Amino acid sequence: MDDQNKNLILATALSFLVILGWYSFFPPPEPEQTPEPVATETAPASAAAPAAGIAQGDNTVPAQASEEATAPRAARLAIDTPRLAGSISLQGGRIDDLALKDYRVSLEENADIVHILSPVGEPEAFYALYGWAPGTGLGFDDVPGANTIWSADEGQTLTPDSPVTLTWDNGKGLTFARTISVDEDYLFSVTQSVQNASGATVALAPYGTLARHGEPSSLKNFFILHEGVVGMADGELAEIDYDDMVDFEPDPRDGSRAQIKQIETNGWIGFTDHYWMSTLVPAPGQGFRSIAKYDERREIYQTDIVLPTQTLADGQSAEVTTMLFSGAKEWATIRGYQKDGIEGFLDSIDWGWFFFLTKPIFAVLHWLNAMIGNMGWAIIGLTIFIKILVFPLAYKSYASMAKMKELQPEMEKLKERAGDDRQKLQKEMMELYKKEKVNPAAGCLPILIQIPIFFSLYKVIFVTLELRHAAFFGPFQDLSAPDPTSFMNLFGLLPLSGPEPGSLLATVFIGILPILLGVSMWLQQKLNPAPTDPTQKMIFAWMPWVFMFMLGGFASGLVVYWIANNTITFTQQYLIMRSHGYKPDVFGNIKSSLKRGPKADEK
């Protein structure tokens, strides 16, 4: 068996087995389902009531309970920014109604905008609330909680230029105020203050909470993507899945299952979805207690930040400011917040184990997209950039392959002289390789190096928001989704939808991009004559078409990368082989492969 063909088959088979295992055990997730639109006009009459909670010193942070609130339906203050729409309920001062103006749930015309926060009473309630945990000398009725009805001037609207202020007097000498502001993107600032005129010393601790009722129905449950709690604790990233929260140790103080960490200087905690995230962020340098908890009695997932207890003598006041990020996981926006002081905020995007590849790959892709204005061409540009980086290795590999072809007559003579003595043949071949300075294993390196790059790019395309609904041209309007064309819609010529992604029909009636992928792999093989060994020949013959159907259900952006990579590889290999005196007979090899019978095998 030819050593060059043996190495090439080994590398190709390894790639095939890795992708086959990936595809078999971790198939591409089902397409994103369009959620029901969330009502935004008014809050329901019911809301969560305070219950026992996590203690900080003498303070207890209220946990979200399921009892019906007795307060009447509360008024709302509108939120209206260039990128956000929603409202704040005066019941608890909750930020519980938030939608993203720039994003829609699907590519369909008149699709609803994406909602990320919703009030209690709506399906999958998810909201942020703030308050003060009572300490020495105070009870829950003395501090604002989940059902406190705040006061605010009528007609206030939260905009980047106009913060809103809520006030509440407990009737016992404590006056609380809460000022909420928002920037042009997705960052809220919440300033809580208290004035003590009670005639006594009081102790209380400010806190912030994100509460999520049940697991979100949009969970992908795909191992390549983290969904659940995400947080930073003094430089250490924490990612906790929803099903891991149910295994937390029980906390005897409130009956929930909780994980508690004391943060010394910098951190944040919240919930991340596929493309959206909500996180509680104390001021940089502020120590706090970070809590992730699961209340199995009420099926509420919750994250808390609890700041140090404030002890106020009569006549004293206290003020503390924290932040709330609630919006889209845009790389540039999150990067800007990290530069402004939120430590490690870019790690809220799930870069995975190959972060040393995924981070630079995305940074280059993002830059190219900004320069070109088209994500499909940006992927092709990224492919060219990667091929330039690995060109020295590829040059050595293809030069070695060309040299191997030149040595083919010598190798045939060695085989004739050695006969059936395989040990002698192996020894003489190694001496020939050493004499001619040829590495027979070099040919497999370009294929092997594609494996981590392929997986890293797949991670980038699947995880990052910038690929969601990113258009290329014509029917390819979402590079994060499989090719929408198929024989059933004449490959995009008819205004019809293709087979449902993930279905048997979609596996059989693949789109034009997977077909081009198969053809490009097939042409790449024709740079060399078909192996004379029947087994090798069969593997080579089937490999492009197996890959074609396997990758048909993958993101179209990934298939675009692979087509571009095959095309560039073909061109590089052809030119390098020509420069070393070997002229690949591409058309002759194609013609030979199309023939049948023993003559084709003998050629």
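**Cavities and a helix pair: a short briefing**

Five cavities of 30 Å³ or more are found in this structure. Do keep in mind that you are looking at a predicted model. The largest cavity has a volume of about 120 Å³.

**The largest cavity**

- Its lining is made up of 16 residues, and those nearest the centre of the largest cavity are Ala 238, Gln 259, Lys 261, Ile 269 and Ser 290.
- Two or more lining residues come from each of strand 13 (228-233), strand 14 (236-241), strand 15 (257-263), strand 16 (267-272) and strand 18 (288-295).
- Strand 13 provides the largest share of this lining, with five residues.
- Sorted by class, the lining of the largest cavity holds 11 nonpolar, three polar and two charged residues.

**Helix 11 with helix 12**

- Helix 11 (residues 512-525) and helix 12 (residues 534-550) have axes that come within 8 Å and cross at roughly 160°.
- Because angles over 145 degrees count as roughly antiparallel, helix 11 is roughly antiparallel to helix 12.
- On the side of helix 11, the contact is made by Pro 514, Ile 515, Leu 517, Gly 518, Val 519, Met 521, Trp 522 and Gln 525.
- Helix 12 brings Phe 540, Met 543, Pro 544, Trp 545, Phe 547 and Met 548 to the contact.
- By class, the residues of this contact between helix 11 and helix 12 are 12 nonpolar, two polar and no charged.

Note on methods. Residues numbered from 1 in each chain as written. Predicted model: local features only at pLDDT ≥ 70, side-chain atom pairs only at ≥ 80, totals over all residues. Heavy atoms only, no water. 1 Å grid on protein atoms, 1.4 Å probe; cavity = no way out; pocket = protein on both sides within 12 Å on 5 of 7 lines; lining within 4 Å. Points joined across faces, edges and corners; volume = space filled by probe spheres on them. Helix = DSSP H or I, 4+ residues; strand = E, 2+ residues; numbered from the N terminus. Nonpolar A, V, L, I, M, F, W, Y, C, P; charged D, E, K, R; others polar. Axes fitted to C-alpha atoms, helices over the stretch in contact; angles between N-to-C directions. Parallel < 35°, antiparallel > 145°, perpendicular 65-115°, else oblique. Contact = heavy atoms within 4.5 Å.
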